[in-house]
Amino acid sequence: MSKRPYETSERVDLSGEPIHWDLGSSLSYGEYLQLDKVLDAQKPLSCEHDEMMFIIVHQASELWMRLMLHELSGVLECVRRDDLGPSFKRLTRVSRVQTQLLSGWEVLSTMTPFDYSAFRNALGRSSGFQSYQYRLLEFLLGNKNAELIEVHRRDPRIHERLTRALQAPSLYDEALRLLSRRGYGIPEDYVMRDFREPYQPSKQVAGAWLGVYHNAQKDWDLYELAERLVDLDYKFQLWRFHHMKTVERIIGYKPGTGGTGGVSYLAKALELKFFPELWQVRTSM
């Protein structure tokens, strides 16, 4: 009787596979990805088992945020030149990245309060609040707050990058400029404003987006952009919620290592919306 596939103990037959055993002058997989640097970047400060997981989850999140910044910068350029087609693929990719970021909280939530307290003091004042990439994402999407870059003054390069992002039009600002160029009634003081200031919702802007939804067949690309932005905003809200609940599960209502109130601080952000009129318009439809 012949063996079933799952019963075999034979090795995979590599005969006939033209494998490059000798790489010659070519880069190897590890060299291309610079894995010597990546895999040497986990430096626990304690002997506690769970600290390695804690570091890797946060490093992985920073890598995913780097990809989000890369893709969203491309989306912003598409909006600026009124070429929305390529932006939809990039926004789809961003949505998949956000799913990965959400999954990170599932891994982190396997850590108990006892596990975390065993190495928490070693973190000192370091905190996710100091993630400059997260701050860049918020600025790029429109949540501007000049005060938040002060914690980065110790690193002039990062502080300068955040300052530039603070002063630049956000993705939403560029979307409104595009609506204005397409003939939708965006107030002039929204097209040209001090982009360092937090965005304030506008009835006229909500009316313009309502016009886009009523003209979806004519301006399908603007309608599709609106829906992709809603999806982006929605998943950001989910990320914030999972962040808050994971922190609550692990440290309760203790203050955060960065000096915030912890859960109480994270709860303040739950109602934040990057694109408020796109949510308001649903009630008006």
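Buried means under 20% relative accessible area, exposed means over 50%, and partly exposed covers what lies in between (1.4 Å probe, protein chains only). The model here is predicted, so local features need pLDDT of at least 70 and side-chain atom pairs count only at pLDDT 80 or more, while totals for chains, interfaces and linings use all residues. Residues are numbered from 1 along each chain as its sequence is written, and side-chain values use heavy atoms, with hydrogens and water left out.

C47 counts as exposed because its relative accessibility is 83%, whereas C78, at 0%, counts as buried. A disulfide is a covalent bond between the sulfur atoms of two cysteines. With the cut-off set at a pair of cysteine sulfur atoms within 2.5 Å, the structure holds 0 disulfides.

Next comes the inside. A nonpolar core is a set of buried Ala, Val, Leu, Ile, Met, Phe, Trp, Tyr and Cys residues joined through side-chain atoms within 4.5 Å. The largest one has 68 residues, and the members touching the most others are M68, L72, L141, L171, W209, L232 and L278. Helix α11 (residues 220-251) gives the most to this core, namely 12 residues; helices here are DSSP runs (H or I, at least four residues), strands are E runs of at least two, and both are numbered from the N terminus. Contact means heavy atoms within 4.5 Å. Leaving aside neighbours within four places in sequence, L171 is in contact with L72, V75, L76, V79, L140, L141 and L229.

R177 sits in helix α8 (residues 171-181). Is this arginine, R177, buried or exposed? R177 counts as buried, because its relative accessibility is 18%. Apart from neighbours within four places in sequence, R177 is in contact with P169, V191, M192 and F195.

Helix α7 (residues 156-167) has 12 residues and reaches 16 Å from its first C-alpha to its last, close to the expected 16 Å; that expected span is 1.5 Å times one less than the number of residues. Its buried residues are I158, H159, L162, T163, A165 and L166. Seen down the axis of α7, they fall within an arc of 165 degrees, so they line one face of the helix; the arc is that of the directions from the helix axis to the C-beta atoms. On the other side of α7, P156 and R157 are exposed. What covers the buried residues of α7 includes α6 (132-141).
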